[in-house]
Amino acid sequence: MFKKENMDSWNAVFTECQLRSSDLSKPTEGFLTSVLVVYLKRFGYKIEPPSTMENNEYHLFRIKLVKQIDHMLKITNESYVFTYYDLIRPTPKKTSQMLRILLNYLFYYNMYKEEVFKMVGKPLNELQDLKARVEKTRCENERRQKDKNAELKQSIQMLNEGLSTSREELKTYVEKIGAKKGDIGKLEREIEELTEKQKQLQEDKNRLLNKVVSNDEFQELGK
């Protein structure tokens with residue numbers, strides 16, 4: 001039986017779905033469906049009844065709703081069975097008993113959830129702290145990497161500028177060397193010409209010497 005304190009507890013928890021004694025004394029499918037939908041939503045289920053009750057979609061909705069409620073009831077009592085017929089033809093006794101079991105399960109679930117949160121609270125806080133430290137380290141590493149990249153970029157720019165200057169100096173040096181090579185070539189040609197002239201003069205001298213007669217020969221010719 002769904003006692004007054006049970007009803008008060010239900011109405012305190014489910015302000016959007018208030019129970020009345022008349023609802024439990026003469027339960028209907030529409031009443032029970034709306035109550036069970038609100039109950040399942042408290043556990044995070046996304047479930048909404050179709051707009052019309054006379055189609056195959058609503059039939060599938062009923063089946064899904066019955067299976068979910070039956071599963072929750074069996075968590076507290078494996079022998080308890082909630083059927084499709086219990087939904088479409090609800091009775092005062094079974095409806096009250098079912099709602100009382102579901103309400104107690106909700107209280108147990110909330111209490112268990114609080115205990116779980118307490119147990120995992122410290123590790124969770126430590127995990128959050130670790131994540132914060134990891135994120136801080138990551139940000140610092142990114143900042144250092146950006147600084148290194150900026151320094152590297154500046155160094156590369158300086159090297160490129162130095163390389164450009166060196167190329168200009170090399171170009172000037174090559175041009176000077178080219179000019180000197182031209183002067184050397186000119187001197188070599190002049191030396192070659194002078195050498196050739198010297199050789200020619202030597203040959204001319206030798207020919208002239210061959211034509212000159214000695215004094216004895218000259219006197220002999222005078223007799």
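How many nonpolar, polar and charged residues make up the lining of the largest cavity, by class? The last legend has the answer.

This is a predicted model, so to speak: local features need pLDDT of at least 70, side-chain atom pairs count only at pLDDT 80 or more, and totals for chains, interfaces and linings use all residues. Residues are numbered from 1 along each chain as its sequence is written, and side-chain values use heavy atoms, with hydrogens and water left out.

**View 1. Glu29 and Arg62 pair up in a salt bridge.** Searching the whole structure turns up 11 salt bridges, each being a side-chain nitrogen of Lys or Arg within 4 Å of a carboxyl oxygen of Asp or Glu. In the Glu29–Arg62 pair, the closest N and O atoms sit 2.7 Å apart. The pair ties together distant parts of the chain, with Glu29 in helix H3 (residues 29-41) and Arg62 in helix H4 (residues 56-76), 33 residues apart. Helices here are DSSP runs of H or I, at least four residues, numbered from the N terminus. Both Glu29 and Arg62 are buried (under 20% relative accessible area; exposed is over 50%, partly exposed in between, with a 1.4 Å probe and protein chains only).

**View 2. Glu135, Arg138 and Glu142 form a salt-bridge network.** Glu135 meets Arg138 at 2.3 Å, N to O. Those two are 3 residues apart in helix H6 (residues 92-211), about one turn of the helix. Arg138 also bridges to Glu142, where the closest N and O atoms are 2.4 Å apart. Glu142 and Arg138 are separated by about one helical turn because they are 4 residues apart in H6. Glu135 counts as partly exposed, at 37% relative accessibility; Arg138 has 37% and counts as partly exposed too. Glu142 is partly exposed as well, at 38%.

**View 3. Here is the largest cavity, with about 40 Å³ of space.** A cavity is a set of points, on a 1 Å grid over the protein atoms alone, where a 1.4 Å probe fits but cannot get out; lining residues have an atom within 4 Å of a point. Points are joined across faces, edges and corners, and the volume is the space filled by probe spheres set on them. The count comes to 1 cavity of 30 Å³ or more. Leu32, Phe82, Asp86, Arg89, Pro90, Thr91, Lys94, Thr95 and Met98 line the largest cavity. H6 gives the largest share of that lining, 3 residues. By class, the lining has 4 nonpolar, 2 polar and 3 charged residues (Ala, Val, Leu, Ile, Met, Phe, Trp, Tyr, Cys and Pro count as nonpolar, Asp, Glu, Lys and Arg as charged, and the others, Gly among them, as polar).

Key: 1 Å grid on protein atoms, 1.4 Å probe; cavity = no way out; pocket = protein on both sides within 12 Å on 5 of 7 lines; lining within 4 Å.
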